[in-house]
Amino acid sequence: MIEVNGLRKYFGNVKAVDGLSFGVKEGEIFGFLGPNGAGKTTTISMLSGLLRPDAGTITIAGMEMSGGGGKARSIMGIVPQEIALYEELSGRENLHFWGSLYGLSGARLREETDRVLDMVELSDRADDPVGKYSGGMKRRINLCAGLIHRPQIILLDEPTLGIDPQARIRILDIVRKEAESGTTVIYTTHYLEEAESLCKRIAIIDQGRIHAEGTLAELVKLVGEEDIVTITGDFRADAFPALPEGTRIDRIADGTARLVVRDHGAVGSMLSGFFSSGLRVDTVAISEPNLQGVFLKLTGKELRD
Amino acid sequence: MKRVLIIFANDLRRRLKSPLSILLMLAIPLVMTLVIGGVFGRSGKVEMTKIRLLVFDADRGLGGRFVRQGFEQGKLAEMFELVPVDSIDGFDLMAEGKASALLVIPRGFTNDLLDRRQTALKLIKNPSESFNPIIAEEAEPLKKTRSMLSADKWPALGDMQVLLDEAKIPFTQVEGYIGDSLVTLGSETAADTARAGGNAGSSGFNIFSYVMSGSLMLGLLFTSNIMLNDIVREKRAGTLARALCSPIGTGHVVAGKVLSVYAVTAIACLLLLVVGKFAFSMDLGDPAALAAHTAASILMCTGIMTLLFGIVRRERAADAIAPVVIIVLAMLGGSMLSFDMFGETMQRIGKFSPVYWANDGFKKIMVFGAGTSDISRNILVLAVIGLASLVPGALLLGTGFRKGG
Ligand SMILES: Nc1ncnc2c1ncn2[C@@H]1O[C@H](COP(=O)(O)OP(=O)(O)OP(=O)(O)O)[C@@H](O)[C@H]1O
Ligand SMILES: [Mg+2]
């Protein structure tokens with residue numbers, strides 16, 4: 001549904017997007033996970049036809065975007081990162097306007113407006129001016145404006161920025177439902193959990209480049225299948241008990257140790273080593289490999305939250 | 001076209017929902033009219049303070065009578081009170097503040113006129129009065145006579161006829177002096193001034209109309225400025241980007257926006273004129289002329305501001321530059337200080353400001369009762385400037401949209 005090849009955009013000497021290539025299939029939710037300034041918004045802007053790439057090609061449903069992409073634009077819905085609404089108009093008036101830009105009119109426009117308002121549970125406030133909405137309410141109308149014309153492709157740029165957990169779950173649900181009904185979704189975020197729970201495939205992007213791309217399981221394999229075990233207790237760093245096969249020390253200090261364990265079973269024998277030496281163990285924490293680890297390994301950065 | 005209308009209608013709706021900033025801009029000309037106009041007479045009609053014009057007729061001949069009698073009829077009679085004086089008395093009266101100006105008709109004026117020699121009327125203004133003498137200078141018979149005399153060709157027969165009619169002197173009396181063979185085409189200025197005025201049939205000079213005709217454009221320029229500023233703000237707010245992502249196309253977005261600038265400026269103008277008419281009993285002149293001239297003036301206004309915002313794209317720069325440009329153009333065009341008070345050099349410079357052509361037209365229509373044909377040159381100049389700035393301005397604005405996102 002979406003094919004991107006060698007996409008590039010520099011702003012002066014800032015390499016905002018530096019040679020991106022990826023493909024998204026119909027009905028798939030494709031996640032862009034990256035920290036601030038990674039190039040997510042710049043990529044979305046080029047996909048939506050707002051920014052002209054310096055190099056590379058974008059094909060939307062078989063149509064090249066380079067010629068302006070008139071037809072392709074009409075099947076896309078965009079939910080920008082910054083709330084792009086008219087504050088002096090009501091939620092409904094905003095939706096009417098954005099809907100009419102995509103060719104909706106008359107009864108059809110009114111129906112679709114009611115549908116999306118209902119979807120984000122804002123029907124009762126629809127006639128208040130957007131300027132009087134809370135941040136989360138504006139976000140929800142911002143989302144609606146991108147969905148009102150039932151696009152085949154939705155580009156969502158951090159749509160859950162700064163809203164409460166409940167509303168966030170609601171938005172994720174909406175996106176999931178859209179995808180289930182066959183809509184193709186590109187979803188950018190810097191929240192690991194969102195990418196993990198929502199996206200079928202994820203691209204890890206930093207400094208304008210894709211560092212890895214695949215399903216969650218595929219990505220996790222990249223950092224190996226080792227678990228991280230953190231033990232705290234009454235022990236000294238230089239008198240640590242012998243470790244079972246397939247276990248190594250990652251970091252250690254008096255009273256706390258971080259170990260890399262290839263297999264859960266090893267944890268038991270390690271603990272019995274502690275007990276037999278008469279050392280006290282306070283806590284044991286096992287963390288399975290996740291995107292956090294992948295991200296750290298690939299970019300050398302923690303994702304801020 | 002439908003797409004343009006969607007953008008246009010939305011901008012109009014938004015403006016109607018928050019009209020305050022524009023209403024504030026409209027306060028400029030209204031306050032100016034109220035204050036300046038109020039100084040000269042609360043009713044707006046200056047009957048009670050007729051302009052006292054002293055006339056020292058050293059000529060005592062036919063030519064002098066042309067001029068004097070011109071001031072004693074119709075509309076001008078309502079504006080001027082003519083007081084014959086010796087030149088000496090005249091200066092004294094002015095010094096005492098009892099007269100606005102002294103008109104000197106020189107000795108031998110009639111003979112010079114008939115012998116086709118250069119001659120000049122002299123208008124000595126009372127320096128302590130800034131307003132009334134200007135009207136005396138504007139007065140038609142004076143202007144007509146002066147322009148006929150200063151033209152390098154003998155005036156057209158028709159023009160002479162007008163003057164003679166006004167002076168109630170039978171044409172036949174002077175027929176002997178002006179043969180048909182002498183009649184060549186009148187110069188442009190002579191023809192111009194001959195037509196303006198006279199056909200108003202209105203009830204006297206209205207000071208509010210005079211001030212409003214000058215200050216109107218100031219309010220309209222600022223109104224256009226607000227509308228274009230809004231486009232810049234939309235860039236920051238992301239709504240513009242969102243519209244540009246839609247299948248509607250940049251050209252349609254620009255066209256819709258520019259149309260809304262024009263429409264809102266036109267509504268603002270209508271509001272000002274309606275308030276002027278009912279609150280100040282302003283005389284608005286010939287409706288057809290007013291409509292045509294207003295349409296052209298707003299085109300100029302929209303065009304100039306669109307070009308400005310097409311060139312200056314950054315928000316801060318636009319915020320700083322636009323008001324300065326407006327004020328300079330308006331000042332040169334005579335919106336702050338009446339154009340009539342400018343010296344000759346300043347008037348020549350002022351004509352390069354498109355605002356002059358707008359102000360001048362409004363004045364001719366609203367104060368001197370000109371018809372559409374009298375101000376056709378103003379309309380033409382304004383329309384040409386308007387289109388010549390609007391087209392490149394809109395194109396620049398469009399490229400700015402695409403680049404700036
Ligand atoms: N219009 C612009 N002019 C100059 N530089 C820009 C512009 N837009 C983006 N950049 C730069 O390009 C880089 C990528 O920005 P982008 O907005 O795409 O990041 P992002 O991944 O969306 O970040 P965030 O999570 O903060 O939204 C940044 O370094 C940014 O400063
Ligand atoms: Mg971003």
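This is a predicted model: local features need pLDDT of at least 70, side-chain atom pairs count only at pLDDT 80 or more; totals for chains, interfaces and linings use all residues.
Figure 1. A disulfide is a covalent bond between the sulfur atoms of two cysteines. A:Cys144 takes part in no disulfide, and the cysteine sulfur nearest to that of A:Cys144 belongs to B:Cys245, 18 Å away. A disulfide requires a pair of cysteine sulfur atoms within 2.5 Å. B:Cys245 is likewise in no disulfide, its nearest cysteine sulfur being that of A:Cys144 at 18 Å. A:Cys144 has a relative accessible area of 0% and is therefore buried. B:Cys245, with a relative accessible area of 4%, is buried too; the cut-off for this term is a relative accessible area under 20%.

Figure 2. Which residues cover the two sides of β9(A)? On one side lie A:Arg201, A:Ala203 and A:Ile205, and on the other lie A:Ile202, A:Ile204 and A:Asp206; all of these are buried.

**Figure 3. Pairing of β9(A) with strand β3 of chain A.** Strand β3 of chain A consists of residues 29–33 and runs parallel to β9(A), to which 4 bridges join it. Within this pairing, A:Phe30 is found opposite A:Arg201 of β9(A). A:Arg201 is also one of the buried residues of β9(A), on the side that includes A:Ala203 and A:Ile205.

**Figure 4. The hairpin of β9(A) and β10(A).** Strand β10 of chain A, residues 209–215, runs antiparallel to β9(A), and 6 bridges join the two strands. One pair of bridge partners consists of A:Ala203 and, in β10(A), A:Glu213. How many residues lie between the strands of this hairpin? There are 2 residues between β9(A) and β10(A), and in this hairpin A:Gln207 adopts a positive phi near 50°.

**Figure 5. Chain B as the setting of B:Cys245.** Chain B has 19 helices and 4 strands. Of its 405 residues, 54% count as buried, and B:Cys245 is a buried residue of this chain. Among contacts in chain B between residues at least 6 apart in sequence, 79% link residues that are at least 24 apart. The accessible surface of chain B amounts to about 17500 Å², and carbon and sulfur atoms account for 63% of this surface.

Note on methods. Residues are numbered from 1 along each chain as its sequence is written. Chains are lettered from A and ligands numbered from 1 in the order in which they are written. Side-chain values use heavy atoms; hydrogens and water are left out. Buried means under 20% relative accessible area, exposed over 50%, partly exposed in between (1.4 Å probe, protein chains only). Two strands pair if DSSP finds at least two bridges between them. Contact means heavy atoms within 4.5 Å. Accessible areas come from the Shrake-Rupley method with a 1.4 Å probe; for residues, only the protein chains shown count as cover.
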